[in-house]
Amino acid sequence: MGDNGAGKSTLIKILSGALQHDGGEVLLEGVPIRLTSPHQARELGIETVYQDLALAPSLDVASNLFLGREMRRRGILGALGFLDDAAMRQRAEEAMANLRVGLASVRQPVLTLSGGQRQAIAVARATAWGKRIIIMDEPTAALGIRETEKVLRLIERIKESGIAVIMVSHSLPEVFEVADRITILRLGCTVRQTTRNEADMTAVVAFMTGAAGEGAVERE
């Protein structure tokens with residue numbers, strides 16, 4: 001969590017390989033790593049769901065799940081570039097079922113879906129490929145109450161599957177509902193790290209705004 005300018009977007013870009021850090025360390029399961037590209041992050045099982053979702057509205061659900069990772073047919077047809085649409089649709093249906101995302105069909109163009117359904121597609125794509133960590137940037141920012149609730153339940157199901165979720169959000173109630181640990185950033189520094197059970201909403205706001213005092217800044 002953090003106010004505007006706290007460094008949340010920069011942190012996301014570093015963890016997703018879009019930017020390289022110039023200080024500190026990035027540890028993955030206790031091992032220091034240096035991410036030099038988004039491709040490398042994906043190879044390590046780290047996927048990011050950006051606020052704009054990065055979906056292709058004119059393509060159907062299955063095509064969006066495999067965007068940039070399309071499955072080719074076996075044999076000579078695959079060598080000629082023919083795609084295995086049936087296999088991608090089957091995998092897409094399985095991914096939707098596993099996350100309990102209700103859709104009429106994976107052949108639906110994304111532009112026909114609601115905001116919550118589009119968010120679910122972006123999350124399902126990340127879950128299909130991200131085997132270790134999924135980073136979510138303001139996943140409920142443009143959603144209504146019902147769709148926000150569906151996304152929060154989706155996050156909980158991902159957690160239950162053993163995949164870690166890093167959620168960036170301005171919404172205190174949502175963070176307190178699904179987070180295990182809360183890290184508060186201010187002016188590019190970590191000012192507080194706590195568990196949800198030990199955290200207090202008033203104190204979190206105080207650290208976010210600087211009212212808690214600059215002496216509390218952790219510069220590790």
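A salt bridge here is a side-chain nitrogen of Lys or Arg within 4 Å of a carboxyl oxygen of Asp or Glu. Asp180 forms one with Lys159, and the closest N and O atoms of the two are 3.6 Å apart. The pair links distant parts of the chain, 21 residues apart: Asp180 is in the loop between α8 and β6 (181–186), and Lys159 is in helix α7. Helices (H or I, at least four residues) and strands (E, at least two) are DSSP runs, numbered from the N terminus. Lys159 counts as partly exposed because its relative accessibility is 28%, where buried means under 20% relative accessible area, exposed over 50%, and partly exposed in between (1.4 Å probe, protein chains only).

The model is predicted, so local features need pLDDT of at least 70 and side-chain atom pairs count only at pLDDT 80 or more, while totals for chains, interfaces and linings use all residues. Residues are numbered from 1 along each chain as its sequence is written, and side-chain values use heavy atoms, with hydrogens and water left out.

A search of the whole structure finds 6 salt bridges. Side chains of opposite charge can pair when their charged atoms come close. In one of these bridges, Glu47 pairs with Arg69, with 2.7 Å between the closest N and O atoms. Here too distant parts of the chain are linked: Glu47 belongs to strand β3 (residues 46–49) and Arg69 to the loop between α3 and α4, 22 residues apart. Glu47 counts as buried because its relative accessibility is 6%, whereas Arg69, at 26%, is partly exposed.

Arg153 and Glu156 are paired, their closest N and O atoms being 2.9 Å apart. Both lie in this helix, 3 residues apart, about one turn. Arg153 is partly exposed, with a relative accessible area of 22%, and Glu156 is partly exposed at 24%.

After α7 comes Gly162, whose phi is positive, near 95°.

Next, the interior. In soluble globular proteins, nonpolar side chains tend to be buried together. A nonpolar core is a set of buried Ala, Val, Leu, Ile, Met, Phe, Trp, Tyr and Cys residues joined through side-chain atoms within 4.5 Å. The largest has 34 residues, and Leu65, Met96 and Ile121 have the most contacts inside it. At least two residues of this core come from each of α3 (61–65), α5, α6 (115–129), β4 (133–137) and α7 (145–160). The largest share, 6 residues, is from α6. Leaving aside neighbours within four places in sequence, Ile121 is in contact (heavy atoms within 4.5 Å) with Leu55, Val61, Asn64, Leu65, Met96, Leu103 and Leu113. Apart from this core lies another, of 12 residues, among them Phe176, Ile184, Ala199 and Met208.
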